[in-house]
Structures are given as C-alpha cells and as structure tokens.
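Take a walk through this model with the sequence at hand.

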Amino acid sequence: MEKTIRKIFDKKHISRTISYLVVIGGFVAVQLLMNTVGIKSLFRSLLVPTCCYIVAALSLNLVVGVSGELSLGHAGFMSVGAFTGIIICGVLEPYLALNWLRLLIAIILGGVAAAIVGLLISIPVLKLQGDYLAIVTLAFCQIIKSLLNNIYLGIDSNGLHFSFIENRVSLIPGGKMLLSGPMGATATTRLATFTAGFLLILLSLLIIYNLTYSRYGRTIMAARDNRIAAESVGIHIRNTKMLAFVISACLAGMSGALFGLNYSTLQPAKFDFNLSILILVYVVLGGLGNITGTIIATLILYALPELLRGLQDYRMLIYSIILIVIMLITNNRKLKDKTDALIADIKARLPKKGSAAHD
Amino acid sequence: MTKLVQYPSGAYVLERDAYSTPVLETYHLGIDFGGLSAVNNFNIIVGPTEISGLIGPNGAGKTTVFNLLTKVYQPSKGTILVNGHDTSKMSTVDVNKAGVARTFQNIRLFDKMSVIDNVKVAMNNSMNYNPLHAIFRTPKYYKEEKRIHQKALELLDIFNMSDLAETTAGSLPYGAQRRLEIIRALATKPLLLLLDEPAAGMNPNETKELMETIRGIRDKFNIAIILIEHDMSLVMNICEGIAVLNYGRIIAKGTPKDIQNNPVVIEAYLGKPDQED
C-alpha cells in the first residue's frame with residue numbers, strides 16, 4: 001500500500017498523477033455544480049464535445065508528440081468512429097433496450113473500425129516522413145469525408161439497405177434512414193452522457209500512459225529521437241510507428257463515436273480539415289508529448305469561443321488574436337527562463353525536512 | 001605474439017580462430033555513389049574473438065564500410081556473411097538481430113531519454129510481452145520490466161555507469177556518451193561490435209582507459225570487435241589484425257607489426273618520399 005502511494009507521488013510519475021487529478025477534479029466539480037447551483041444549458045451542451053475533443057487531442061498527441069509524425073487527418077478517424085457508432089446504435093436499437101450498453105458497444109466498435117482504417121492507411125503513409133506524411137494524411141481525411149458524403153444506408157424489418165452516390169434506398173414503412181449522403185445521420189437517438197465522456201478520458205489516459213511507460217513507449221520515442229540509431233539496435237521503425245498510429249486512430253474513433261451520439265443530426269462535412277487543425281492546435285499549444293498540457297489547452301481553447309459569445313461578430317477575431325498571443329508567449333525563451341528561475345527560487349525557499357531545525 | 005594464417009581466398013585470420021566459423025566475411029564488397037566507387041573489392045574475414053582495426057586516411061571509405069556491413073547502405077556488389085549467414089536480403093534491423101551492433105562517429109544517442117532507457121531500448125527484442133500486457137499492466141509486464149531493469153543495471157554497472165542510470169542521456173559528458181553508446185550496442189547481445197572512432201575527442205588518459213575497456217569487452221563478452229580509429233597508439237596496441245583502406249580499396253592487411261613497416265601504408269599516410277624534396 002505504502003509502496004503504491006509512494007509510486008503515485010514519485011517524481012517520475014508526477015505528471016501522470018496531475019493529469020488524473022485534473023480530469024477527476026474537473027468531473028467532480030462539474031457534477032457538484034450541476035447538482036447544487038445548476039449550470040446553463042449552453043454549458044451543459046458543451047460537456048460531451050469537450051470530453052470528445054480532449055480524447056481526440058490526447059490521441060493525436062500520441063502520434064505528433066510521442067511518435068513525432070505530423071498527421072493532419074485526425075478528423076477522418078473521428079468520422080469513421082462517429083458514423084460506425086451511429087450505425088451500430090441504429091441497428092441495435094430494436095434489440096437492446098439498455099442505453100449505456102448500446103453506447104458502450106458503439107464506442108468500442110467505433111474504435112475498432114477507426115483502428116482498422118488507421119492500420120490500412122498507415123501502410124502507405126508510414127513509408128513517408130515529415131511534410132509528405134502530413135499531406136498524405138490530409139488527403140486520406142478528404143477521401144473518408146467524400147466516401148461518407150455518398151453513402152446511403154437504411155434499415156427496416158427486412159434488414160439493411162445500402163446504395164452509393166445516388167439514394168436508391170426504399171424502405172418499407174417503419175424503416176429508418178441511418179445515413180443519407182451529405183445530410184449524414186438525421187435521426188440519431190442521443191445516447192452520449194458526460195459520465196461516458198469522463199470515463200473515456202480516463203481510459204485514454206490509462207492507455208496512453210501505460211503504453212508510454214513500457215517497451216513500446218521506449219521504442220516509439222527512440223525511433224523519434226534517432227531513426228538510424230534505433231534501427232542499429234534492432235528496432236523496426238515502421239512497426240513501432242504503426243502501433244502508435246493505430247492506437248491513436250482507435251482512440252480518435254472512440255471519441256468520434258461518443259461525439260456522433262451526442263447529436264441527433266450529424267453531417268460528414270463536420271469532420272473536415274478545420275477540425276483536424278483545431279485538434280492539432282490543442283496538441284501544439286498544450287506542448288508536444290505533454291498530456292496534462294493537452295487537456296488544459298483543449299479545455300481553454302474549446303471553452304474560449306463560447307465564453308466570447310457576448311462579443312458576437314468580433315468573436316472569432318478575438319479568439320484568433322488570443323491564439324497568436326498565447327503561441328508567442330509560450331514560445332518565448334526569455335519568459336520561459338524567467339518562470340523556470342522563479343519556480344526554482346520558490347523551491348529553494350521552501351523549508352526542507354532536514355534543515356528546518358536550523359532556521 | 002598473435003599469428004595470422006591465410007585462407008585460400010587470400011584473407012587473413014587469427015590462428016586461434018582459424019577453425020571456427022568467422023563472425024564476418026565479405027567478398028568483393030563494393031558500393032558506387034552515382035558512378036563514383038566509394039568502396040571497391042573489400043575482402044575481410046574476422047574471427048569470433050578478434051579485435052581488428054580498420055584504418056586509413058580521411059575519406060578512405062572506412063565509415064562507408066561500417067554502413068555497408070550494417071546495411072545502412074545497400075552494397076552495389078559483393079556479399080557479406082555474418083556468422084555464416086548471407087545478409088544480402090537483410091535490413092539494418094535484421095543485421096542487428098543476426099549479431100552486428102555498432103557505435104557512430106558522431107554520437108547518436110536517444111538524447112531525451114534516460115541512460116537506462118537507452119539501454120532498455122536496445123534490449124527490446126529480448127523482451128516478451130505484447131501491447132495488451134502493457135496497457136492492462138498484467139503480472140507478465142511487471143515481471144519482464146523488472147528483469148530488463150535488472151539486466152540493464154548490471155550492464156551499466158560493468159562500465160561504472162549505474163549511478164547515472166536516471167540521468168538524461170543528452171546531458172552526459174562527452175566521454176560518458178561514448179561509453180553509453182558502446183553499452184547500448186552491447187545490450188543487443190552482438191557477436192560483432194563495430195566501433196567508429198571510439199577515441200575521437202578523448203585525451204591520452206581517457207584513450208588509455210578506453211583501450212582497457214575494449215580489451216575487457218572482448219574478454220568478458222567473448223565477441224569480435226572491429227574499430228575505426230585515427231589514434232595509432234591505440235590501434236597498434238590492441239588490434240590483432242589491421243586492414244588499411246585508401247580510396248575505397250584495401251591496400252594492406254596484416255598484424256600491427258606488418259602494417260607499421262609496410263611502405264605502401266606509409267606512402268598512403270605521408271605521400272611518396274621522393275615528392276618531399
């Protein structure tokens with residue numbers, strides 16, 4: 001027991017402890033607020049998407065931060081997860097009354113579908129590096145969007161009906177369209193809950209941290225730090241990067257499934273290039289490879305446009321300016337040195353256990 | 001004094017290694033870069049317990065030979081056998097698994113990782129658990145991690161570096177970085193260790209210490225070592241066989257004594273005597 005406690009507050013793992021504390025603390029605070037004072041419905045509607053974006057940003061951090069490859073197609077994996085989740089829920093609805101179980105199955109299968117797509121994409125993508133890889137992932141995101149824009153899928157008592165490009169799905173009465181091309185999903189039962197989002201964040205933290213502090217994390221980081229040296233000690237670069245890529249896609253798919261089931265209508269165009277960039281901004285601002293930073297950056301940057309709603313037309317202008325300022329400040333060497341010095345100073349002033357008696 | 005015996009192919013090998021499978025054989029090895037031949041007709045045989053030196057003036061193609069042996073470059077001609085196995089279809093990773101490990105002329109550590117993690121990365125292929133064990137932290141994960149931690153510490157301890165285990169590799173002093181690179185290479189359990197200018201940037205004392213270390217590695221791990229080095233006192237002291245490379249070709253092979261007195265070698269390093277006046 002004592003060993004476990006010491007391990008939790010170990011210097012090496014302190015950032016992990018902080019991440020968990022931030023997430024659990026946030027959840028408890030929101031729950032308390034909801035049950036006592038109550039929160040505006042506007043903010044309540046933001047809770048689930050926030051959780052989804054946090055998970056998506058965390059998963060992208062695994063590729064961009066830990067594995068060191070720039071991917072611009074993350075929204076594609078969310079999209080695959082979202083529409084897989086929506087279809088699964090639509091199909092299971094008549095058979096499974098338990099909402100949470102349907103949501104759980106949808107999230108798992110959404111993750112699996114995205115992981116499979118991620119695996120297929122990673123085969124050509126990981127032959128490339130740097131800018132080339134970024135552009136190819138971007139193209140894949142576009143392909144996924146275009147495909148989903150042209151899928152018509154309906155369900156009735158005879159089973160599933162599918163057509164591509166043109167809507168040729170004719171359903172007998174009582175049937176339901178699951179996907180209708182560019183309109184996307186139009187009549188989804190909203191199953192997503194804040195608790196599910198919270199649990200999904202915990203799961204992704206667990207996966208990412210446990211993977212990072214294992215032989216896989218070591219090889220992924222070694223492949224990032226020095227490719228030639230990693231190969232010279234027998235590390236398969238492509239397999240290593242593939243693992244990071246597929247797990248990242250899986251988590252993004254799960255977050256997508258939760259996201260998709262939070263809205264009654266969802267269009268494939270929602271998961272476009274802009275969304276990929278948005279998530280990338282969260283990761284870059286939070287610090288590459290920094291998990292707590294990613295969570296906090298997502299919270300602030302996602303909430304900011306909503307908090308600025310009062311400014312109406314100037315909203316996005318101010319948001320962009322704030323983004324520029326934050327980027328400049330966080331990358332300021334002088335400022336960073338000063339804060340580091342300040343932290344060191346505070347640490348030095350704190351009474352130490354042994355020396356306290358002499359003061 | 002060590003004695004060399006000649007193989008039918010013309011290559012030399014130590015007498016004590018003459019009847020065991022050589023750890024490395026190359027036949028007519030060569031590579032062209034856009035028509036320019038950087039290494040040509042390179043033939044050597046290295047016995048399983050030999051310390052051999054690869055020397056030559058700057059730009060002779062020594063590091064290129066190492067890059068060929070480890071398949072960083074694919075040879076244009078010739079064959080390489082590692083412990084009797086043909087490596088023509090192998091990648092850098094496979095060659096390492098077959099038993100060749102190396103260090104680099106310009107140090108290539110995993111700078112942001114700790115010293116012990118650098119060693120653990122190299123031990124990765126001897127670990128035995130899959131991603132699910134890692135994610136769900138099964139007993140197998142803990143058992144394997146504990147085992148590898150112990151092994152990495154033991155290896156660091158041999159080189160008096162276990163105190164630095166948690167230090168970031170990039171912040172180590174120069175000499176320690178060179179040592180860590182050797183340790184990392186040894187962690188892959190090689191049969192043949194390639195050292196690319198291990199004494200570069202070291203003072204005479206450190207070089208002397210390094211000499212003992214290299215000999216110690218051979219005796220303790222019972223492996224073959226090839227080293228590229230410009231420090232002649234080091235080469236002549238510890239190498240049992242030496243190959244001299246100039247313009248991508250071997251111009252002389254033999255024991256340190258043979259090489260020291262070889263007029264072709266002296267010419268390659270100093271130029272022709274009649275040009276001096």
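**From a helix pair to the core**

α8(A) passes α10(A) in a left-handed crossing (the near helix is turned anticlockwise from the far one by less than a right angle; clockwise would be right-handed). The contact is made by Y216(A), T219(A), I220(A) and A223(A) on α8(A), and by I237(A), T240(A), K241(A), L243(A) and A244(A) on α10(A). Contact here means C-beta atoms, placed from the backbone, within 7 Å. By class, this contact has six nonpolar, two polar and one charged residues. Ala, Val, Leu, Ile, Met, Phe, Trp, Tyr, Cys and Pro count as nonpolar, Asp, Glu, Lys and Arg as charged, and the others, Gly among them, as polar. Helix α8 of chain A spans residues 215–225 and helix α10 of chain A spans 237–260; they pack at about 115 degrees, with axes 9 Å apart. Axes are lines fitted to C-alpha atoms over the stretch in contact, and angles run from 0 to 180 degrees between N-to-C directions. Helices (H or I, at least four residues) and strands (E, at least two) are DSSP runs, numbered from the N terminus.

This is a predicted model: local features need pLDDT of at least 70, side-chain atom pairs count only at pLDDT 80 or more, and totals for chains, interfaces and linings use all residues. Residues are numbered from 1 along each chain as its sequence is written, while chains are lettered from A and ligands numbered from 1 in the order in which they are written.

Now turn to the chain contact. It takes 21 residues from chain A and 29 residues from chain B. On the chain A side, α7 (194–212), α8 and α9 (227–232) each give two or more residues. α8(A) gives the most, with seven residues.

Next comes the core. The largest nonpolar core has 175 residues. Such a core is a set of buried Ala, Val, Leu, Ile, Met, Phe, Trp, Tyr and Cys residues joined through C-beta atoms within 7 Å. Buried means 20 or more other C-beta atoms within 10 Å of the residue's own. Among the residues with the most contacts inside this core are C51(A), L258(A) and I225(B). Helix α3 (residues 41–66) of chain A gives the most to this core, with 15 residues. Domain 1 (4–99 + 190–275) and domain 2 (111–187) of chain B both contribute, so the core lies between them. The domain bounds come from an automatic or database assignment.

The centres of these two domains of chain B, taken over C-alpha atoms, are 28 Å apart.

Notes: A residue is buried if 20 or more other C-beta atoms lie within 10 Å of its own, exposed if 12 or fewer, and partly exposed in between; C-beta atoms are placed from the backbone. Two residues are in contact if their C-beta atoms, placed from the backbone, lie within 7 Å.
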